[in-house]
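Please read this short briefing with the sequence and the model open beside it.

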Amino acid sequence: MRALVVTGDWQPRPGYVPDEEEIADRRARNASQVWRHPQWATVTLPDPVLRSATDVLVRVRASGVAVSTLRMTATDDDGYVTLPYRMALPLVPGHEFAGEVIEVGSAVSDLRVGDAVAVETLRPCGRCPACRRGRVNACLDGQFAGFDIDGGLAEYAVVPSAHARSLEALRERFDDDAVFQVGALCEPAAIVYNGLFEVDRHLRPGMRVGILGCGPLGLAAVALARAAGAARVLAFDPVPDRAGLAELLGADRAWSERELEPTALPSVVRDETAGRGVDVVVGASGVPGEVLPVAQQLLAIGGHVVHLGVGGPPGSFRPMATMGRAVTHTFSMGHIGGFDPVIALHAAGRIDLTPMVGGRWALEEGLAAVEHATDKRVAKTLVVQT
Ligand SMILES: [Zn+2]
């Protein structure tokens with residue numbers, strides 16, 4: 001099969017000593033400490049085959065190129081990748097994908113050949129303390145397709161059937177291509193769903209919501225907050241195109257740096273909320289360290305901040321700004337559990353995230369797709385197969 005792969009050199013930084021497991025599997029727990037001189041390539045690999053009776057073989061139809069995918073090959077001055085996360089190379093990246101089932105294992109009863117599925121790429125181990133407490137999104141012992149096992153920027157992928165979520169309910173409302181676009185957007189949207197409704201749980205109908213950052217996470221937050229009955233949804237992103245998308249997806253007002261200096265945001269948000277501030281802030285920026293002080297200035301007393309972004313330099317935290325205003329902070333990551341509600345909301349016509357797709361490329365043009373995904377005006381780039 002044709003596939004995009006990332007290769008690199010295993011060269012632990014001076015002073016970083018990988019443990020035995022990392023060395024044995026060539027799987028860094030923190031890629032930025034080990035992997036150097038990364039490269040993208042389009043290659044031909046052996047067609048994958050089912051490994052167990054509970055696997056399904058998926059022909060990938062749409063696969064997202066995420067910011068964290070780009071970080072697998074973005075490097076610092078010393079040539080090390082910037083991804084501060086697990087990674088094994090060489091590897092087929094792509095942790096946001098959907099496709100058509102073309103073969104099912106003998107023990108698979110809930111999926112059939114021809115079914116459209118979105119793929120949960122996080123594969124919890126089921127044995128670690130996090131898994132045993134039901135906190136599967138915090139499992140660090142399992143695998144993550146696209147980071148330490150092969151992902152979806154390829155023609156085919158083998159997927160455990162429990163992690164292939166049916167998209168068939170979308171067929172009444174979406175055409176064939178759009179079904180798989182929604183499927184590829186389930187991963188980022190499920191992260192937001194889990195953050196808002198499983199981990200934080202403070203957002204209620206009638207609340208005012210502020211969203212910082214209008215990439216895929218922030219845009220999904222706009223749509224989900226609207227679907228959850230938010231009275232007012234206000235969003236900010238430095239880039240005008242993304243602020244425009246936020247309004248398209250349901251924000252009452254969205255500002256970019258063209259209209260508004262970020263320092264003016266707190267006073268404008270107070271004007272928009274009768275002086276109170278917002279009840280919930282969603283931190284969906286790629287630079288979460290910068291979100292914290294801004295979020296604190298936007299919040300109503302007793303408000304809540306849901307942090308979803310990762311990466312960037314650390315920020316400063318002033319405890320009294322939180323305690324004195326009875327503010328809570330929640331930090332959430334992981335997508336397990338969020339796919340089915342995101343699919344159901346699309347099937348019911350309550351949300352439609354497909355407008356955030358800013359470009360579609362064939363697998364053979366994968367390297368151009370990677371380049372396209374670095375354009376800050378674009379919210380989501382997909383690699384697609386018809
Ligand atoms: Zn686990």
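Contact means heavy atoms within 4.5 Å. Axes are lines fitted to C-alpha atoms, for helices over the stretch in contact, and angles run from 0 to 180 degrees between N-to-C directions. Helices (H or I, at least four residues) and strands (E, at least two) are DSSP runs, numbered from the N terminus. The model is predicted: local features need pLDDT of at least 70, side-chain atom pairs count only at pLDDT 80 or more, and totals for chains, interfaces and linings use all residues. Residues are numbered from 1 along each chain as its sequence is written, and side-chain values use heavy atoms, leaving out hydrogens and water.

**Sheet and helices**

- Six strands form an open sheet with parallel pairing, in the order β14-β13-β12-β15-β16-β17; two strands pair if DSSP finds at least two bridges between them.
- The edge strands, β14 (253-255) and β17 (328-331), each pair on one side only.
- Strand β13 (residues 232-236) runs parallel to β14 and is joined to it by three bridges, with Leu234 opposite Arg253 in β14.
- Helix α6 (residues 240-248) lies across β13 and β14, at about 170° to β14.

**Zinc site**

- The zinc ion has Cys125 (SG), Cys128 (SG), Cys131 (SG) and Cys139 (SG) as protein donors, 2.2 to 2.4 Å away; donors are N, O and S atoms within 2.8 Å of the metal (3.2 Å for Na, K and Ca).
- The donor residues are spaced C-x2-C-x2-C-x7-C in sequence.
- Cys128 counts as buried because its relative accessibility is 8%; buried means under 20% relative accessible area, exposed over 50%, partly exposed in between (1.4 Å probe, protein chains only).
- Cys125 is also buried, at 16% relative accessibility.
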